[in-house]
Amino acid sequence: MKLIFAIVNNDDSNNVATNLTAGGYSVTKLATTGGFLKAGNTTFIVGTDDDKVANVISIVEKHSKKRTQVVPASVSSSPGLFPTVPVEVSIGGATIFVLDVEQFYKC
Ligand code: 2BA
C-alpha cells in the first residue's frame with residue numbers, strides 16, 4: 001500500500017477532489033500554505049494499493065493546471081536587492097510524494 005501526498009493550487013482542488021472520489025479513491029483534503037508564496041494551497045492524502053498509484057497521479061495531473069504568478073522580487077531573492085521588481089514564478093500543476101505504508105488500520 002502507498003500513501004500519496006498531492007499539493008495542488010486551491011483553484012484546482014474541487015476538480016481534483018471530485019475526480020478522485022468519482023474514481024473510487026478515499027481522499028482527505030487539507031488546507032495548507034506554501035512556504036515560498038505563503039499563499040493557500042490544498043494537500044490531498046490518498047491511501048491506495050500499489051497498482052493504483054499511477055491512476056491517482058494521472059487524475060491529479062489531468063486536473064491540476066500549470067500557471068504563473070507574479071510575486072515581489074524580495075520574496076524570491078535576497079532582501080534589499082530591487083525589492084519592488086516583480087518576478088514571475090511558474091506554479092504547479094501538482095507536487096506529488098508517494099510513500100510506502102508500513103501498517104494500515106481502520107479501527
Ligand atoms: P510554495 O512554496 O508557495 O511555492 C510556490 C511556487 O513558487 C513553486 O511552485 C515554485 O514555482 C516557486 N518557488 C518555490 N520556492 C522557490 C524558490 N526558493 N525560488 C524560486 N521560486 C520558488 P511549485 O513547485 O509548483 O510548488 C507549489 C507548492 O507545492 C509550494 O508552494 C509548496 O507548498 C509545495 N511544494 C513544492 N515542492 C515541495 C517540496 N519539495 N516539499 C514540500 N512542499 C513542496
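Mentor: The accessible surface of the protein chain comes to about 7000 Å², and 55% of this surface belongs to carbon and sulfur atoms. The model is a predicted one. Of the 107 residues in the protein chain, 26% count as buried. The chain has 3 helices and 6 strands, and their order along the sequence is β-α-β-β-α-β-α-β-β. When contacts between residues at least 6 apart in sequence are considered, 64% of them join residues at least 24 apart.

Against that background, the part you asked about can be described. The residues around the ligand are Ile7, Gly34, Gly35, Phe36, Leu37, Asn41, Ser90, Ile91, Gly92, Thr95 and Phe97. Two strands each supply at least two residues of the shell: strand E5, which spans 86–91, and strand E6, which spans 94–100.

Several residues of the shell also place polar backbone atoms by oxygen atoms of the ligand. For Ser90, a backbone N or O atom lies 2.3 Å from a ligand oxygen atom. For Leu37, the corresponding distance from a backbone N or O atom to an oxygen atom of the ligand is 2.8 Å. For Gly35, a polar backbone atom is 3.2 Å from an oxygen atom of the ligand. As for how far the ligand is covered, the ligand taken alone exposes 750 Å², and the protein buries 54% of that area.

Technical notes. Residues numbered from 1 in each chain as written. Predicted model: local features only at pLDDT ≥ 70, side-chain atom pairs only at ≥ 80, totals over all residues. Heavy atoms only, no water. Near = heavy atom within 4 Å. Polar contact = N/O pair within 3.5 Å; in protein donor to acceptor, adjacent residues only side chain to side chain. Areas by Shrake-Rupley, 256 points an atom, 1.4 Å probe, with all protein chains shown as cover. Helix = DSSP H or I, 4+ residues; strand = E, 2+ residues; numbered from the N terminus. Buried < 20%, exposed > 50% of the residue type's maximum accessible area, 1.4 Å probe, protein only. Contact = heavy atoms within 4.5 Å.
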